[in-house]
Amino acid sequence: MRDLPRAAAVAVVVSTLLCAPPRNATGAHGEAVVNLYVSPAGSDSWSGRRSAPNAARTDGPLATLEAARDALRRRARRGPATVWVRGGVYPRDRAFELGPEDGAPSPGRVAYRAYRDEEPRLVGGRSVKGWEPVREAAVLDRLEPAARGRVLRADLRRQGITSFGRMSRRGFGIGTTAAGLELYFHRRPMTLARWPNDGWLRIAGAPAGQEGGRFTYEGDRPARWKQPADVWVHGYWTWDWADSYERVRSLDPVKREVATEPPHGVYGYTPGKRFYFLNVLEELDSPGEWYLDRSSGVLYFWPPEPMRPGEAVVSMLEGPLVEVRGGQGVTLRGLTLECGRAAGIRVRDGSRCRVEDCAVLCMGTDGVVVEGGTRNVVSGCELHALGETGIALSGGDRKTLTPGHQSAVGNHIHDYARWCRTYRPGVMLGGVGNRVANNLIHDAPHNAILMGGNDHVVELNEIHHVCLQTGDAGAVYMGRDMTMRGNLIRHNYFHDIARAIGDSNGFVDVMAVYLDDCFCGTTVYGNLFVRAGRAAMIGGGRDNTIANNVFVNCAPAVHVDSRGIGWAKFWFDGRDPFIMNGLKAMDAAHPPYSARYPRLARLLQEEPGLATGNVVVRNLCVGGKWIELFDGLDERIVKVERNLVGADPGFVSAAKGDYRLRADSPAWKLGFQPIPFERIGLPRPTARRTAPSASARTFRVRGRPDG
């Protein structure tokens with residue numbers, strides 16, 4: 001964890017022997033463990049029992065994961081097995097699929113894992129060759145003078161690359177679909193040609209009204225676009241928490257007017273809101289930008305560094321690189337997955353499946369998706385340069401409150417949501433009874449953790465530099481359902497949330513923990529908030545507890561409102577039934593909900609819009625602002641007691657980021673309990689060689705964090 005002391009430095013020395021295949025290994029019940037080997041130098045006609053080809057090249061490793069899987073399927077009985085995957089590139093034109101027959105009964109395990117310290121790379125893209133300078137006069141005429149001689153071209157069709165996918169409408173409230181073709185260079189995503197290169201334009205006007213599908217802009221730059229076909233716009237069209245990509249139907253450079261294809265921008269077009277144009281050849285004017293002419297199949301690119309063979313790759317695979325359906329006891333360990341148009345790994349209805357020490361990068365949508373099943377784990381992975389979510393984790397049954405026992409532990413998740421920038425978090429958590437712990441999450445435009453459901457535990461994570469591009473946003477966010485209770489947010493370190501509190505761009509309304517729109521029954525305990533915006537916010541909910549936290553320079557530390565009797569009373573007077581329908585859907589007045597959450601069962605007999613039952617106790621607040629109470633709330637309704645505000649709390653050394661309390665701290669007399677700082681964040685460096693990290697904040701096109 002950055003800036004915080006640890007009890008002792010942890011030195012990690014990893015011997016390659018620790019990753020070597022065991023000799024004479026046996027399973028949990030004494031059965032022999034089968035060891036197979038896969039290598040780019042192998043052959044599917046060989047036995048797979050050797051890690052390298054023999055001298056006569058008559059036997060050795062297999063060449064494909066499918067051959068190893070099928071060999072295991074031919075065993076007389078299912079049991080533990082390990083497929084050791086040698087380093088190198090494994091091109092994928094379809095998902096590597098595992099099903100119920102490919103795992104092992106409990107407590108056995110079938111593992112596909114890296115051999116020793118090698119890096120096996122599952123690549124869902126194709127290297128682009130045949131780069132040459134642009135010589136066509138018609139194309140050169142469309143480029144800026146500074147780009148001429150620097151932009152290269154490659155004919156994809158001549159290389160057999162003909163599936164380009166298509167750009168599609170994406171963003172807030174729009175379901176995830178595979179991305180179209182993207183270009184990666186040095187294992188980093190490049191920028192689709194856009195204007196402006198940095199920052200945003202502003203909507204000048206909406207001639208047909210907010211919902212009219214048209215808006216105007218300032219400036220004459222588009223007048224130089226000679227063939228503006230398939231131009232797109234991306235913007236936060238009305239709200240700073242809702243972005244979308246829209247296809248331009250027509251562009252009138254005289255009127256400076258854009259008309260988009262229906263259904264148009266999410267929430268319509270509002271003057272003053274921000275957007276930019278993209279997919280414009282004439283705007284390929286900076287290093288790192290690219291453009292694909294889908295009619296000719298020619299890819300144009302201004303490489304930021306000298307071009308060498310194999311360094312430019314286009315994404316191809318439109319499904320996950322690895323898909324596990326219904327498997328149990330399957331482990332994926334030490335693999336690198338990259339350059340697909342969709343997700344890296346998807347686990348559906350599995351049990352006891354593990355994704356360990358993997359790197360997932362340069363994907364069009366998500367890193368790892370775990371849907372349904374029970375006791376699946378994603379741990380020790382690095383996930384970055386992703387188009388949407390880092391880890392999506394759900395499991396358990398909300399009707400019965402049966403826990404899923406899924407977990408995401410010790411992962412490094414950063415530079416995600418580079419395409420869809422709102423509500424595509426580092427971790428998306430749903431269902432019942434799942435855990436997110438010891439992760440490091442940073443550098444993203446919106447949420448770090450997006451939660452829904454019951455009885456989850458979010459603990460020991462370090463979260464910083466998120467919500468960099470959005471407003472009315474939370475690093476940890478949940479909202480709009482009064483039955484989603486029992487969640488615990490404890491012992492996390494939130495710091496440097498949002499771009500800059502109070503800056504000129506207006507990104508001021510950012511929270512570290514955001515219990516939005518009447519979210520209830522959540523405990524926020526023992527966290528450290530440093531420069532964390534509006535740190536802990538209760539937006540109209542009931543029965544929440546904010547206790548034993550440390551707030552340093554937050555604005556404010558705590559906010560509680562009762563919007564259900566104020567501006568949002570339409571949720572409870574029949575005009576908008578959304579929240580009341582949530583109560584009916586879970587039958588909140590009867591077991592198991594009435595037994596598990598007795599205060600919820602009494603809600604409808606009380607004034608449901610009133611934010612009662614909230615407790616703010618034994619917190620420390622230094623600098624910034626302490627508490628806001630709105631909508632008629634006071635300390636008779638909100639229990640606020642035994643908090644240490646404004647006084648010296650007795651930190652060991654705040655100047656050095658050491659927020660432990662000295663023995664003489666006055667907080668101990670209030671009953672304050674120690675926060676386990678030494679356990680927060682990544683537990684240790686990963687034992688595998690991870691792929692190179694993306695450059696800082698790759699969700700940006702370039703330049704400032706609001707780019």
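Which residue takes a positive phi in the hairpin of S20 and S21?

**Entry 1: Basis of the model**

I noted that this is a predicted model, in which local features need pLDDT of at least 70, side-chain atom pairs count only at pLDDT 80 or more, and totals for chains, interfaces and linings use all residues. Residues are numbered from 1 along each chain as its sequence is written, and side-chain values use heavy atoms, with hydrogens and water left out.

I looked up the pLDDT, the predictor's confidence in each residue, from 0 to 100. The protein averages 90, and 91% of the residues score at least 70. Over residues 1–20 the pLDDT is below 50, and this stretch has 38 contacts in the model beyond near neighbours in sequence. Residues 686–707 also have a pLDDT below 50, with 85 contacts beyond near neighbours in sequence. A contact here means heavy atoms within 4.5 Å.

**Entry 2: The hairpin and strand S21**

I returned to the opening question: Gly297 takes the positive phi, near 80°, and the hairpin has 4 residues between its strands. Strands (E, at least two residues) and helices (H or I, at least four residues) are DSSP runs, numbered from the N terminus. Two strands pair if DSSP finds at least two bridges between them.

Strand S20 (residues 289–293) is joined to S21 by 4 bridges, and the two run antiparallel. Strand S9 (residues 152–155) is likewise joined to S21 by 4 bridges in an antiparallel arrangement. I found Phe301 of S21 opposite Trp290 and also opposite Leu152.

I then checked the side chains of S21 (residues 298–301). Val298 and Tyr300 point one way, Leu299 and Phe301 point the other way, and all are buried. Buried means under 20% relative accessible area, exposed over 50%, and partly exposed in between (1.4 Å probe, protein chains only). In a regular strand the side chains alternate between the two faces of the sheet.

**Entry 3: Leu192**

I looked up Leu192, which lies in strand S12 (residues 191–192). Leu192 is buried, with a relative accessible area of 9%. Not counting residues up to four places away in sequence, Leu192 touches Met167, Leu278, Asn279, Glu289, Trp290, Tyr291 and Trp419.

**Entry 4**

I recorded an open sheet of 4 strands in the order S7-S22-S10-S11, with antiparallel pairing. Its edge strands are S7 (125–127) and S11 (188–189), each of which pairs on one side only. S7 is joined by 3 bridges to strand S22 (residues 312–315), and Arg126 stands opposite Val314 in S22.

His186 has its place in the loop between strand S10 (183–185) and S11. The side chain of His186 makes a polar contact with the side chain of Glu305 at 3.1 Å. A polar contact is a pair of N or O atoms within 3.5 Å; within protein, one must be able to donate a hydrogen and the other to accept it, and residues adjacent in sequence count only if both atoms are side-chain atoms. Leaving aside residues up to four places away in sequence, His186 touches Glu305, Arg308 and Glu311.

**Entry 4: Nonpolar cores**

Which residues touch the most other members of the largest nonpolar core? Of its 90 residues, I found these to be Ile449, Ile463, Phe494, Phe529 and Phe551. Another core lies apart from it, with 27 residues, among them Leu152, Ala154, Phe164 and Trp200. A nonpolar core is a set of buried Ala, Val, Leu, Ile, Met, Phe, Trp, Tyr and Cys residues joined through side-chain atoms within 4.5 Å.

Most residues other than glycine have a negative phi, and most peptide bonds are trans.

The peptide bond from Ser106 to Pro107 is cis, with omega near 5°, and Pro107 lies in the loop between S4 and S5. The bond from Pro262 to Pro263 is also cis, with omega near 15°.

Pro263 is in the loop between strand S18 (257–260) and strand S19 (274–278), and His264 has its place in the loop between S18 and S19. His264, although not a glycine, has a positive phi of about 75°; at 15% relative accessibility, His264 counts as buried. Asp631 has a positive phi near 60° and is partly exposed, with a relative accessible area of 31%.
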